[in-house]
Amino acid sequence: MRDLTTDGLVAGWPGGPDVLPGLTTHVDADGGWLVVRGPSGSGKSTFLAVLLAALRPRAGGYALGGVPTLRLTGEGVRSRIAWLPQEAHVFASSIRANLALAAPRGELAGRDGEARMRAAPAAAGLGGLLAGLPEGLDTPVGAGGTALSGGERRRLAAARALLADRDVVLLDEPTAHLDPPTAAALLHDLRAALAGRVVVCVTHDDTVEQRGDTVVRLGTPVPALAS
Ligand SMILES: Nc1ncnc2c1ncn2[C@@H]1O[C@H](COP(=O)(O)OP(=O)(O)O)[C@@H](O)[C@H]1O
Ligand SMILES: [Mg+2]
C-alpha cells in the first residue's frame with residue numbers, strides 16, 4: 001500500500017470542540033513525508049489517533065492505498081500501520097524483549113527473525129551501542145529504560161516501529177526532548193530507514209521538514225484546552 005489520503009477530516013474528542021478543522025492532504029511512499037506542524041494542543045496527536053482508527057472522524061475520511069478506511073475494521077487499519085507514540089514506553093526488560101513487542105505473534109522467531117531483530121536497531125542508529133554491549137540484545141535497559149540516554153530510548157522505540165514492518169509509519173514528536181545534534185542524527189537515520197514507506201510525522205520542531213515533504217500547519221489551540 002503506497003499512499004494515504006485524507007479528505008476533509010474533522011475530528012474532536014467526545015464532548016469537546018472540533019480539533020481537526022477539515023484536513024485534506026495526501027502522502028505517497030515515493031515522495032517525502034507528510035509533516036504536520038502545530039503548537040502544543042493544536043491536534044497533532046489527535047490526527048494520529050484518527051489515522052489509527054482510535055477516534056472516529058466527525059466528518060470526512062481517509063483512504064489507505066485508495067481504499068476508504070470506513071470499509072475496513074479498526075484492526076484492519078492498524079495492521080497496516082506502525083506507530084511511534086509521543087511517549088513510547090520502554091519496559092524494564094532487555095533490549096530484545098522491548099523490540100519483540102513489535103511482533104506479538106512470534107513473527108520474529110527463527111533465524112530470519114533474529115536477523116531482523118539485529119537489523120532494526122542498526123537502522124535506528126543503535127548499532128554502535130549494541131556492538132559495545134557484552135550481552136548485546138539481551139542487555140537489560142533498567143526501569144523505564146534509564147540505563148539508556150533519552151536519544152537511545154527514542155531510537156529503541158523507533159527500532160520497534162521499524163520491526164513492525166508496516167507500509168505506513170506514524171511518528172509523534174520523534175525529536176522531542178532531544179538536543180539538536182541528537183535530533184538531527186535520529187532524523188537522518190529515520191529518513192533512511194523509512195525510505196519507500198508512507199510516513200506521517202507530527203511535530204512542533206521546525207527542523208524536521210525538508211525539501212520534498214508535504215507540510216501541513218494546524219492552527220492555534222483553544223488556550224483553556226491546550227496541554
Ligand atoms: N485522549 C484524549 N481525550 C480527550 N481529549 C484529548 C485527548 N487527546 C487530546 N485531547 C484534546 O485534544 C486537543 C488537541 O490535543 P493533541 O491532539 O494532544 O495536541 P498536540 O498533539 O498537537 O499537542 C487538546 O484540547 C487536548 O486536550
Ligand atoms: Mg501530541
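The model is predicted: local features need pLDDT of at least 70, side-chain atom pairs count only at pLDDT 80 or more, and totals for chains, interfaces and linings use all residues. Residues are numbered from 1 along each chain as its sequence is written, chains are lettered from A and ligands numbered from 1 in the order in which they are written, and side-chain values use heavy atoms, with hydrogens and water left out. Helices (H or I, at least four residues) and strands (E, at least two) are DSSP runs, numbered from the N terminus.

**The antiparallel sheet**

- Four strands make up an open sheet with antiparallel pairing, in the order β2-β1-β4-β5; two strands pair if DSSP finds at least two bridges between them.
- The edges are held by β2 (18-28) and β5 (67-68), each of which has a single partner strand, so one side of each is left without a neighbour in the sheet.
- Strand β1 (residues 3-12) is joined to strand β4 (residues 59-64) by five bridges, and the two run antiparallel.
- Within this pairing, V10 has A59 in β4 as its bridge partner.
- Helix α1 (residues 44-51) packs on the sheet and touches β1, β2 and β4, its direction making about 115 degrees with that of β1. Contact means heavy atoms within 4.5 Å, while axes are lines fitted to C-alpha atoms, for helices over the stretch in contact, and angles run from 0 to 180 degrees between N-to-C directions.
- Eight bridges connect β1 and β2 in the antiparallel sense, and T5 stands opposite H26 in β2.
- Strand β1 is mostly covered, with seven of its ten residues buried. Buried means under 20% relative accessible area, exposed over 50%, and partly exposed in between (1.4 Å probe, protein chains only).
- T25 lies in strand β2 and counts as buried because its relative accessibility is 9%.
- Leaving aside residues up to four places away in sequence, T25 touches L4, T5, T6, L34, T214 and V216.

**The parallel sheet**

- Five strands form an open sheet with parallel pairing, in the order β6-β7-β8-β3-β9.
- Here β6 and β9 (214-217) stand at the edges with a single partner strand each, so one side of each is left without a neighbour in the sheet.
- On average, neighbouring strands of this sheet are turned by 15 degrees against each other, direction ignored.
- Strand β3 (residues 34-37) runs parallel to β8 and is joined to it by four bridges; R37 has T203 in β8 as its bridge partner.
- Helix α1 packs on this sheet, touching β3, β6, β7 and β8, and its direction makes about 150 degrees with that of β8.

- Strand β7 (residues 168-172) is mostly covered, five of its five residues being buried.
- In a regular strand the side chains alternate between the two faces of the sheet.
- Both faces of β7 are covered, with V168, L170 and D172 buried on one side and V169 and L171 buried on the other.
- Strand β6 (residues 81-84) pairs with β7 in the parallel sense over four bridges, and the partner of A82 in β7 is V169.
- Strand β8 (residues 198-203) pairs with β7 in the parallel sense over five bridges, and the partner of V168 in β8 is V198.

**The magnesium site**

- The protein donors of the magnesium ion (ligand 2) are S45 (OG) and Q86 (OE1), which lie 2.1 to 2.3 Å from the ion. Donors are N, O and S atoms within 2.8 Å of the metal (3.2 Å for Na, K and Ca); water is not among the atoms, so sites may look incomplete.
- S45 belongs to helix α1 and Q86 to the loop between β6 and α3 (95-100), so the pair ties together parts that are 41 residues apart in sequence.
- S45 counts as partly exposed at 32% relative accessibility, and Q86 is partly exposed with a relative accessible area of 34%.
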